[in-house]
Amino acid sequence: MTTASGLPAIRESVQWAVLDSPGGSPAVVALAEAAVEHYALNYSKHPPAVLLDEVRGTRNLLSTAVAVADRETAQGLRRQVGWLSALLGNLAYHLDDRAGARTHLTLAGALGESTQEPALTAWTSGALAMVAAARQDWNHARGHAEYGLQQAPGGLRRAQLLGWALLPTLAALKRASEADDVVSESDEIMQSAAELPGRFGYDRAEHRLHVAEALLTLERYDRAADVARESIAAAPAHTPGWVAATLVLALAEARDAPDQAAGRALGVLDLIPPSRLRATARVRLARLGRLLGSSTLTPATELAERLRTLPAPIRVDGTAA
């Protein structure tokens with residue numbers, strides 16, 4: 001179990017390793033891999049702004065070694081800088097810095113290509129599709145998703161690119177038949193695939209979340225609610241995945257059960273501190289607030305007030321809230 005004090009200790013270990021081998025070494029590469037694994041596995045345990053600072057610090061330490069390392073060592077270090085950049089892109093996205101996310105992810109993709117790391121290239125393409133979809137740039141979103149599918153190894157990685165990257169775009173474009181085909185293929189893969197933990201992994205809880213959200217976009221509200229409940233049941237309680245699925249369920253319920261939908265959102269706000277609310281959760285909350293805007297029921301009016309006073313993730317001076 002990582003702790004707040006354990007997080008900077010990872011960066012400090014990398015710092016000592018670089019001090020011991022300024023030109024890099026196989027040990028520095030191995031330590032960099034371990035740091036990436038730690039950050040990825042513990043991604044959801046820390047506020048995004050805190051983790052971003054640590055990942056950025058570690059990446060900067062590695063950059064000094066890359067500049068003077070021999071070719072093989074530099075290749076290994078650049079590969080880990082690519083994974084760290086991918087993490088920074090995802091963290092920026094969760095802090096509602098979409099331009100920053102795109103910048104970090106573009107670098108990560110370039111390093112994935114130049115270091116022959118197809119898993120990094122595929123994952124980064126999925127993340128770029130997510131960022132493009134957030135700005136409703138569906139052509140680029142689909143292009144990134146399809147390129148990621150070309151790079152992704154089979155099995156779980158393909159299911160991840162299908163469900164996370166391609167499915168949301170097909171649903172948004174109302175290509176229901178194609179979306180149904182993607183759901184069928186990815187569901188079949190997930191039945192036998194071994195789940196992978198962490199930010200770069202994929203599991204049934206996340207997959208059901210993406211399917212539920214696509215169904216919601218396609219206005220299949222009852223089915224979206226059922227699949228969101230499956231995601232909630234599979235996700236550890238009070239984690240970001242659990243929050244996302246709970247809010248998707250609330251959105252699916254908003255039309256026919258507005259008081260229940262508002263109550264779910266209020267429950268999330270009672271349990272999750274503002275610093276831990278990802279930008280994606282805030283978008284879902286704002287959307288729910290708009291859907292319930294005309295309701296005079298007490299839970300809906302209370303939700304509107306809570307959302308009005310919810311602190312931003314980043315203050316106007318650029319510091320974490």
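**First stop: a tryptophan**

Select Trp123: at 1% relative accessibility it counts as buried (under 20% relative accessible area, with exposed over 50% and partly exposed in between, using a 1.4 Å probe and protein chains only). Before moving on: this is a predicted model, where local features need pLDDT of at least 70, side-chain atom pairs count only at pLDDT 80 or more, and totals for chains, interfaces and linings use all residues. Residues are numbered from 1 along each chain as its sequence is written, and side-chain values use heavy atoms, with hydrogens and water left out.

Trp123 and Phe200 make an edge-to-face pair, 4.8 Å centre to centre with 85 degrees between the planes. Trp123 sits in helix α6 (residues 118-134) and Phe200 in the loop between α9 (176-192) and α10 (204-217), so the pair ties together parts 77 residues apart in sequence. Show Trp83 and Trp164 too: ring pairs link them with Trp123 and Phe200 into a cluster.

**Next stop: a charge over a ring**

Pick Arg199 and Tyr43. The charged end of Arg199 sits over the Tyr43 ring, 5.3 Å from its centre (the rule: NZ of Lys or CZ of Arg within 6 Å of the ring centre and within 35 degrees of the ring normal).

Terms used. Rings of Phe, Tyr and Trp (its six-membered ring) pair if their centres lie within 6.5 Å; planes under 30 degrees apart count as stacked, over 60 as edge-to-face and the rest as tilted. Helices (H or I, at least four residues) and strands (E, at least two) are DSSP runs, numbered from the N terminus.
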